[in-house]
Amino acid sequence: MGTGYVGLTTGICLAYLGHEVTCVDLSQEKVDLLRAGRSPIYEPFLDELMHEAAHNLTFTTDYAEGVPGAEVVFVAVQTPSLPDGQPDLRFLRMAAESIGKTIDGEFTVVVNKSTVPIGSGNWVESILRESFEGFHSRRAAGEFAVASNPEFLREGSAIHDTLFPDRIVIGSDNPRSLDVLNRLYRAVLNQSFTAPTFLPRPEEVGAVPLVSTDLASAELIKYAANAFLALKISYINEIGKLANKVGADINQVARGTGLDARIGSRFLQPGVGWGGSCFGKDTAALIATAAEYSYDMPIVSAAREVNQRQREEAVNKLLDELRILKGRKIGLLGLAFKPNTDDLRDSPAIDIAKLMIARGARVKLHDPVAAERFRAEQPELAASLCESVDEVFDDSDAVVLVTEWPQYLELDWGKYVGLMRTPVVLDGRNVLDPQRLSRLGYTYLTIAGRPVGL
Ligand SMILES: NC(=O)C1=CN([C@@H]2O[C@H](COP(=O)(O)OP(=O)(O)OC[C@H]3O[C@@H](n4cnc5c(N)ncnc54)[C@H](O)[C@@H]3O)[C@@H](O)[C@H]2O)C=CC1
Ligand SMILES: O=C(O)[C@H]1O[C@H](OP(=O)(O)OP(=O)(O)OC[C@H]2O[C@@H](n3ccc(=O)[nH]c3=O)[C@H](O)[C@@H]2O)[C@H](O)[C@@H](O)[C@@H]1O
């Protein structure tokens with residue numbers, strides 16, 4: 001239920017592994033596209049895998065086509081933040097009601113794959129039971145059970161992360177449903193499937209660990225993992241601020257720190273900070289859940305504050321250099337919250353563009369993939385979109401690299417320096433070569449840490 005980044009990836013991967021999958025979504029537009037063999041989202045390898053698994057895939061808007069007789073029903077609807085930080089569970093409630101009305105298998109496991117607050121499993125179970133009893137006008141006697149199977153995929157590498165995960169977590173208070181999910185995922189757990197030719201199995205992937213636990217633990221694992229990743233990034237950004245002050249190179253500091261196996265070098269990339277649909281939403285939800293127990297989560301709150309500051313820091317850096325932003329032309333490279341996706345949810349680029357505009361600057365925006373979505377989702381900023389990278393540099397006072405798309409890293413930077421009014425580059429992701437850019441005549445700025453030699 002739900003054919004977004006998570007539901008579609010899960011459905012297509014399970015179909016590829018040999019299961020018979022029906023993907024249900026309320027959006028007729030999405031279903032029409034999918035039936036035509038086209039993915040409504042940009043996600044590497046999704047189209048290719050969808051074509052390979054087409055014989056096991058059906059797309060529909062009708063629950064009655066997807067639920068009856070299903071052994072497992074995944075719920076992967078969106079759970080966006082409400083103003084108080086709690087997730088909006090309207091979509092989940094609707095999905096649960098529709099499932100309750102259509103369920104009629106011998107034994108169906110209803111799985112929360114959406115990221116949902118602790119206790120949601122029980123809540124979904126009660127909605128299912130009410131809807132089931134109301135609709136079937138008889139008492140349900142254990143024909144279904146609820147489980148949690150949190151999702152850890154990253155956008156941009158969703159297929160890879162689903163077929164070759166670090167772990168699978170399943171939680172239920174019903175042992176039979178754990179057994180069903182264990183069997184469902186057997187090929188992934190044992191890595192006994194033939195990997196797609198376009199996405200070979202990485203050499204280091206062995207058997208995948210399974211964490212089989214109770215409902216509440218599985219639900220909390222998802223939030224604990226996302227909050228930890230978010231605070232790891234905020235931590236390196238905070239150290240980056242200090243590196244700036246003391247004149248240290250944050251890239252070297254991150255490397256020297258991350259090589260300690262207890263710390264790990266991933267998610268220590270400093271820059272404008274995290275965005276996307278989940279880190280902000282899930283850290284807010286964790287804090288809101290804790291508040292219900294009169295407990296605050298100072299570390300998680302601090303991670304959020306540091307992250308917001310990173311976006312403001314992009315503007316401050318340019319203010320330091322240009323002194324006045326009013327009337328300046330500032331180019332932004334990248335709009336998606338990270339490379340290899342068209343997702344713009346909580347994208348740092350949008351905040352940064354708005355902060356620059358509030359200071360009187362004129363922004364010029366570019367993204368190799370997300371521009372079309374941007375036009376639809378941010379109509380008030382659409383006029384600032386540029387067709388080409390040349391336009392972004394042309395007559396600009398500064399260019400900010402916000403999303404590290406490979407295309408931008410491979411630009412012929414020498415070609416653009418002469419186009420700019422003042423050749424200032426702010427490297428929002430610490431990925432450009434400062435020495436090279438300086439040699440080419442740019443003033444190189446970074447948000448975190450002084451690059452060695454400058
Ligand atoms: N996007 C990501 O990378 C990850 C997301 N998650 C979690 O997974 C959940 C889904 O996230 P996304 O896939 O990004 O959301 P999304 O917004 O891309 O997709 C949700 C889909 O559900 C559909 N939908 C809404 N209500 C429905 C209903 N009652 N019945 C059927 N379909 C319905 C929508 O039309 C939409 O296509 C969220 O809880 C999110 O926190 C978890 C891990 C990764
Ligand atoms: O629950 C979710 O939605 C998902 O959230 C993240 O995945 P995702 O948001 O797709 O992307 P990430 O690769 O985690 O990047 C998130 C943000 O952090 C930023 N980031 C990442 C890594 C880093 O070192 N530094 C950094 O600033 C990225 O640019 C991006 O804006 C988690 O990595 C997934 O495990 C999780 O399933």
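Guide: Let us begin with a word we shall need: a residue is buried if 20 or more other C-beta atoms lie within 10 Å of its own. Please keep in mind that this is a predicted model.

Visitor: Which residues of strand 4 point one way and which the other, and are they buried or exposed?

Guide: Thr-108, Val-110 and Asn-112 point one way from strand 4, while Val-109 and Val-111 point the other way, and all are buried. In a regular strand the side chains alternate between the two faces of the sheet.

Visitor: What makes strand 4 a partner of strand 3 and of strand 5?

Guide: Two strands pair if there are at least two bridges between them. Strand 3 (residues 72-75) is joined to strand 4 by four bridges, and the two run parallel; strand 4 and strand 5 (residues 144-148) have five bridges, also in the parallel sense. We therefore conclude, by that cut-off, that strand 4 pairs with each of them. Val-110 of strand 4 is the bridge partner of Val-73, and Val-146 in strand 5 is the bridge partner of Val-110.

Visitor: Which elements make the right-handed β-α-β unit?

Guide: Strand 3, helix 5 and strand 4 make that unit, and helix 5 (90-102) also supplies at least two residues of the shell around ligand 1.

Definitions and conventions:
Residues are numbered from 1 along each chain as its sequence is written. Chains are lettered from A and ligands numbered from 1 in the order in which they are written. This is a predicted model: local features need pLDDT of at least 70, side-chain atom pairs count only at pLDDT 80 or more; totals for chains, interfaces and linings use all residues. A residue is buried if 20 or more other C-beta atoms lie within 10 Å of its own, exposed if 12 or fewer, and partly exposed in between; C-beta atoms are placed from the backbone. A crossover is right-handed if, with the strands pointing away from the viewer, the path from the first strand over the helix to the second runs clockwise.
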